[in-house]
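Hello,

Here is the structure we talked about handing over. Please have a look at it first; my notes follow below.

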Amino acid sequence: MRLSTRIALVVGMVVPLLVVVSGWLLVQLVGKDLRIQADQRLTERAQGVAVAARGLLRASSHDRPRAEQARQRKLFTAALDVGVRLSGPETTVMDGPQPAASVPLPVGTRHPSTVRSRGKSWRVLAVPVTGPGTGVHGMLWLFSPDTAREAQLGMVRRRVIMVALLAAPPAGAAAWLLAARAARPLRRLQQAAGGLDPHTSAARLDHAPTRITEVDDLARTLQTFLTRYDEQAARTAEALASARSFSAAASHELRTPLMSMQTNLDILDAFQDLDAADRAETVDDLRHEHARLLGLLVMLRALAQGDLVEADSFAVIDMADLADEAAADARRRYPGAEVVVHSSPGLTIHGWQPGLRSLLDNLLTNALVHGRPAEGGAHVALSLRAGEDSGSPCVVLGVEDRGPGVPRQRREAVFQRFQRRPDSPGSGLGLTLVAQQAALHRASLRLMDGPGGRGARFEVAFPAAPAHRPQHTALPAHRDWLADPADRPQGFHKEHP
């Protein structure tokens, strides 16, 4: 059922009800006014009738029949259309409309009251009559029937009911017309929303303000819902793309080490009498391939987590504390290497703690493995400082080594997936993960020569977290770092001085 029809039905029922309620109040007020008028008439009539009643009682007390008859006619004449009853010591006279003689009447009241007899009601005023002399005392009652008042109230009731019945159809029709007109913006909104199909079109709800609060609020709610739907649909598509990329990358990269491990296992199985040196070499190859597989899976998992992380996982991170923890772990993993940290306290950014820690670990591991000089042990310097990037405050992270460095023509390729030297023990995904986290944190990533042209220096400039208010994290629109680089729409800032 349409909203306009519902409104018309409700109005068609409510309007007669309101008319009936208003009519009931009107009947009560009219009845009260009529009763006041009748009481005033009784009170005014009582003043003249009381004088005639006093004369009648005086004539009756002196036993003068002719005078008594004259006074009685005068009493009835003074009463006019009001019923009268006079009760004295010697006589009781009555005339005009009044209840039966057996009905008890009020005595000693100064105001009119109601008496009912034989289905009729009367307004009765009791007036004590006293005068000089013996026997001049009695009670005078004046009666005013409620017939006229009830007739007038009945007429009002009938008219109220007639008005209520007559008002229902036009009130419902007028309500339907007004509701239909008021519901036009809602129908247009429904038509616009009903024509949207996210599977066939990218069009979204276009709503012009109608100055109707409910319709405009509903339109904003629908727009917000559709926006969230688009975001979730995009994230779902990205999750599916990440899953497909993970499967493709894993199947492609795991094939070679798995085949190598299968070959070594076949050798161990086929040659049971293999000499100790060859057996040890084969087992070492198996361990090497197993470590490579494990490292590759860990890196693929880390890249997938970075592709799927949500903005609510971000928080204010103290980079100095995180750098100290990463350097301490690097020293434990490479006991012979020297890892020094130069940082200042209070350098915070708004970021994802697991991703930042992964970025630090991979930069340090890359420097310790590939930045080892030809002579001597590895020396890696990790630095943190406040700076500016494009005029905005930032936190600059630097990792430098004293190794052979990276040729300029190779500085673009080292961040692509599975790019590694033939003798590298890694998976070829460490620097790809660094580039992913830099893009995820809206940071600029630079690869340059080390101090004095020796070694390599990786520098990441993160936007600084404001101290006075929380920062809203705007993640990249598309993230699929497991995909082929040619298909990856987003990039990261790389400068090659």
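**Notes on the model**

Apart from its neighbours within four places in sequence, Asn366 is in contact with Gly371, Leu431 and Phe458. Keep in mind that this is a predicted model. Asn366 sits in helix H8, residues 353-370. Is Asn366 buried or exposed? It counts as buried, because its relative accessibility is 16% and the cut-off for buried is under 20%.

Next, the helix pair. H8 packs against helix H9 (residues 430-440) at an angle of about 140 degrees. Their axes are 9 Å apart. The crossing of H8 and H9 is left-handed. On the H8 side, the contact is made by Gly355, Leu356, Ser358, Leu359, Asn362, Leu363 and Asn366. H9 contributes Gly430, Leu431, Leu433, Val434, Gln437 and Ala438. By class, that contact holds seven nonpolar and six polar residues, and no charged ones.

Now the strands. S7 (residues 338-342) and S9 (residues 379-389) run parallel, joined by five bridges. Val340 has Ala381 in S9 as its bridge partner. S9 also pairs with S10 (residues 392-401), here in the antiparallel sense, over ten bridges. Asp389 is bridged to Ser392 in S10. S9 and S10 form a hairpin, with two residues between them. In the turn, Ser390 has a positive phi of about 60 degrees.

Last, a record. An unreviewed UniProt entry annotates residues 6-27 as "transmembrane region". In the model, that span is 100% helix and 0% strand. Its end C-alpha atoms lie 32 Å apart.

Best wishes

Key
Residues are numbered from 1 along each chain as its sequence is written. This is a predicted model: local features need pLDDT of at least 70, side-chain atom pairs count only at pLDDT 80 or more; totals for chains, interfaces and linings use all residues. Side-chain values use heavy atoms; hydrogens and water are left out. Helices (H or I, at least four residues) and strands (E, at least two) are DSSP runs, numbered from the N terminus. Buried means under 20% relative accessible area, exposed over 50%, partly exposed in between (1.4 Å probe, protein chains only). Contact means heavy atoms within 4.5 Å. Axes are lines fitted to C-alpha atoms, for helices over the stretch in contact, and angles run from 0 to 180 degrees between N-to-C directions. A crossing is left-handed if the near helix is turned anticlockwise from the far one by less than a right angle, and right-handed if clockwise. Ala, Val, Leu, Ile, Met, Phe, Trp, Tyr, Cys and Pro count as nonpolar, Asp, Glu, Lys and Arg as charged, and the others, Gly among them, as polar. UniProt positions are given in the numbering used here, feature names are shortened, and annotations may be inferred rather than shown by experiment. Two strands pair if DSSP finds at least two bridges between them.
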